Amino acid sequence: METLTILALAFGAALLSGTFGFGSGIIFVGVGSFFLPVKFLIPLVSVLLLNPILRSFLYRKDIPWKLAGWSATATIPSIIIGYQFFDWVDEALITRVVGL
């Protein structure tokens, strides 16, 4: 039952993001914290990135690739550092910072 709830929550968050262009992470973390520990939930939000990745693939002809390359150059190392930091930080601190 918990898995179906999480899937429904992820679908709703992705629908919100697809409709308005933002908000999937906010909804998923806020509501999902009732079902999962925050330390597990936040990395799970990265799965919601599949929606923008698919949209990027569909609209790849309209993407300014030079700008996207500079953005990826900064983003990819930041993701790696963020995950390492996230693994190191206490779950209670993460919960306070996220505001749950």
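Student: Which residues of H3 and H6 meet in this model?

Tutor: The model is predicted. On the H3 side, Val 38, Lys 39 and Ile 42 make the contact; Glu 91, Ile 94, Thr 95 and Val 98 face them from H6. By class, that contact has four nonpolar, one polar and two charged residues.

Student: How do I read the packing of H3 and H6?

Tutor: Two packed helices are described by the angle between their axes and the distance between the axes. Here, H3 (residues 38–45) and H6 (residues 91–98) have axes that come within 9 Å and cross at roughly 60 degrees. H3 and H6 are therefore oblique to each other.

Student: At what angle do H3 and H5 pack?

Tutor: About 170 degrees, with the axes of H3 and H5 11 Å apart. Angles over 145 degrees count as roughly antiparallel, so H3 and H5 are roughly antiparallel to each other. Val 38, Lys 39, Ile 42 and Pro 43 of H3 touch Tyr 83, Phe 86 and Asp 87 of H5. That contact of H3 with H5 divides into five nonpolar, no polar and two charged residues.

Student: How many aromatic pairs does a search of the whole structure find?

Tutor: One. Phe 85 and Trp 88 form it, 5.8 Å centre to centre. Their planes are 45 degrees apart, and the pair is tilted.

Student: How are Phe 85 and Trp 88 placed in helix H5?

Tutor: They sit three residues apart in H5 (residues 65–88), so about one helical turn separates them.

Student: Is Trp 88 buried or exposed?

Tutor: Exposed, at a relative accessible area of 68%.

Student: What lies over the face of Phe 57?

Tutor: Arg 60, at 4.2 Å from the ring centre.

Conventions. Residues are numbered from 1 along each chain as its sequence is written. This is a predicted model: local features need pLDDT of at least 70, side-chain atom pairs count only at pLDDT 80 or more; totals for chains, interfaces and linings use all residues. Side-chain values use heavy atoms; hydrogens and water are left out. Axes are lines fitted to C-alpha atoms, for helices over the stretch in contact, and angles run from 0 to 180 degrees between N-to-C directions. Helices (H or I, at least four residues) and strands (E, at least two) are DSSP runs, numbered from the N terminus. Angles under 35 degrees count as roughly parallel, over 145 as roughly antiparallel, 65 to 115 as roughly perpendicular and the rest as oblique. Contact means heavy atoms within 4.5 Å. Ala, Val, Leu, Ile, Met, Phe, Trp, Tyr, Cys and Pro count as nonpolar, Asp, Glu, Lys and Arg as charged, and the others, Gly among them, as polar. Rings of Phe, Tyr and Trp (its six-membered ring) pair if their centres lie within 6.5 Å; planes under 30 degrees apart count as stacked, over 60 as edge-to-face and the rest as tilted. Buried means under 20% relative accessible area, exposed over 50%, partly exposed in between (1.4 Å probe, protein chains only). A charge sits over a ring if NZ of Lys or CZ of Arg is within 6 Å of the ring centre and within 35 degrees of the ring normal.
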